Amino acid sequence: RIAYVNGRYLPHADASVHVEDRGFQFADGVYEVIAVYKDQLIDEKGHLDRLERSLAELRIAMPLARTALAQILRRMVRLNLVREGLVYMQVTRGVSPRDFPFPYAAMPTIVVTARNKAFPGREVKAATVITTPDQRWARRDIKSVALLPAALAKQKAREAGAFEAWQVDGDGFVTEGASSNAWIVTKENVIVTRAADHNILRGITRMAILDFARENGFKYEERAFSVEEAQNAREAFVSSASTFVMPIWKIDNVAISNGEMGPVAKTLRDAYFDAMDQLAND
Ligand code: PMP
């Protein structure tokens with residue numbers, strides 16, 4: 001395997017960043033994950049747009065031109081023989097003696113890795129979620145590498161045998177999963193997902209799903225929903241670059257279906273795969 005670090009393509013095992021990198025010292029950096037499916041980068045534009053936005057919010061300079069980054073991503077997919085899997089990229093504020101304020105002269109660090117990972121296909125069994133208090137900061141719209149609350153939430157999910165942890169704000173409303181956006185379908189067949197303000201990450205998959213919902217004539221609302229509303233919903237699912245649309249059948253100990261994918265989730269998941277197949281055939 002090959003990793004990209006600051007302009008160099010290195011054997012993965014030898015690739016490293018400096019001990020004084022601010023990503024390591026302060027979680028002073030941002031990242032993106034892009035799915036590769038049938039050799040194609042999925043939703044590339046949205047992910048690169050969001051990377052630029054996250055960097056701008058933290059006043060970290062984009063270390064290279066977007067076209068150059070796009071070429072590196074493609075080269076990493078080829079070098080690592082990725083047909084289906086994930087490309088990960090991280091940009092930090094760079095290396096400087098440890099001190100809280102921004103360094104005057106640090107070059108941003110950029111790291112890219114890529115690996116094969118088989119995704120579940122169109123037909124997928126529904127998964128389960130648990131809920132946990134949302135312990136993150138107030139700017140969840142920035143895709144920062146400060147992922148300790150997410151790691152704690154995921155570990156809690158794993159120990160409970162669940163696929164994902166839905167984080168719940170102080171008012172009892174679900175914000176989003178530890179690494180995914182959260183969705184329900186009400187008994188009136190309305191799709192609901194939280195509005196994309198500073199309380200959640202504006203998922204790129206989320207935006208694609210809203211387009212597919214419109215194209216399929218589904219009603220949808222961008223608003224908060226409580227754990228109780230979710231437990232009384234007709235369907236639930238999560239979305240992310242690595243799961244696309246993943247149906248959920250159980251929330252904490254409340255089953256909302258028999259474990260099969262619901263019709264709305266199925267339509268949206270199919271729409272995603274249709275769009276990805278189309279991209280591969282173009
Ligand atoms: N919310 C959080 C907190 C996430 O970490 C992710 C995945 N990175 C998502 C939502 C989903 O975003 P996307 O669809 O862009 O992968």
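Colleague: Two strands pair if DSSP finds at least two bridges between them. In this predicted model, how many residues lie between the strands in the hairpin of S8 and S9?

Modeller: Strand S8 (residues 164–168) and strand S9 (residues 174–177) meet that cut-off, because they are joined by two bridges in the antiparallel sense. One of the bridges takes Val 168 to its partner in S9, Val 174. Gly 172 in this hairpin has a positive phi near 85°, and the number of residues between the strands is five.

Colleague: Thanks! Turning to the six-stranded open sheet, which are its edge strands?

Modeller: The order across the sheet is S2-S1-S6-S5-S3-S4, with antiparallel pairing. An edge strand pairs on one side only, and this holds for strand S2 (8–11) and strand S4 (40–41).

Colleague: Staying with S2, which residue there is the bridge partner of Val 5?

Modeller: S2 runs antiparallel to strand S1 (residues 2–5), and four bridges join the two. For Val 5, the bridge partner in S2 is Arg 8.

Colleague: Where does helix H2 lie, and at what angle does it run to S3?

Modeller: Helix H2 covers residues 44–58 and lies across strand S3 (29–37), S4 and strand S5 (85–92). Relative to S3, the helix runs at about 175°.

Colleague: Now helix H5: what does it reach from its first C-alpha to its last?

Modeller: H5 has 12 residues, 204–215. At 1.5 Å a residue, a span of 16 Å is expected. The model comes close to that, with a reach of 17 Å.

Colleague: Which residues of H5 are buried, and what covers them?

Modeller: The buried ones are Ile 204, Thr 205, Arg 206, Ala 208 and Ile 209. Their cover includes strand S10 (181–185), strand S11 (190–193), strand S13 (235–240), strand S14 (244–251), helix H7 (263–281) and H2.

Colleague: And what follows H5, a residue with which phi?

Modeller: The residue in question is Gly 217. Its phi is positive, near 75°.

Colleague: Last one, on the ligand: which element gives the most to the shell around it?

Modeller: The ligand is surrounded by 13 residues, and the closest are Leu 201, Gly 203, Ile 204, Thr 205 and Ala 241. Two or more residues of this shell come from each of H5 and S13. By class, the shell has seven polar, four nonpolar and two charged residues. With three residues, the element that gives the most is H5.

Conventions:
Residues are numbered from 1 along each chain as its sequence is written. This is a predicted model: local features need pLDDT of at least 70, side-chain atom pairs count only at pLDDT 80 or more; totals for chains, interfaces and linings use all residues. Two residues are in contact if their C-beta atoms, placed from the backbone, lie within 7 Å. Axes are lines fitted to C-alpha atoms, for helices over the stretch in contact, and angles run from 0 to 180 degrees between N-to-C directions. The expected span of a helix is 1.5 Å times one less than its number of residues. A residue is buried if 20 or more other C-beta atoms lie within 10 Å of its own, exposed if 12 or fewer, and partly exposed in between; C-beta atoms are placed from the backbone. A residue is near a molecule or strand if its C-beta atom, placed from the backbone, lies within 6 Å of it. Ala, Val, Leu, Ile, Met, Phe, Trp, Tyr, Cys and Pro count as nonpolar, Asp, Glu, Lys and Arg as charged, and the others, Gly among them, as polar.
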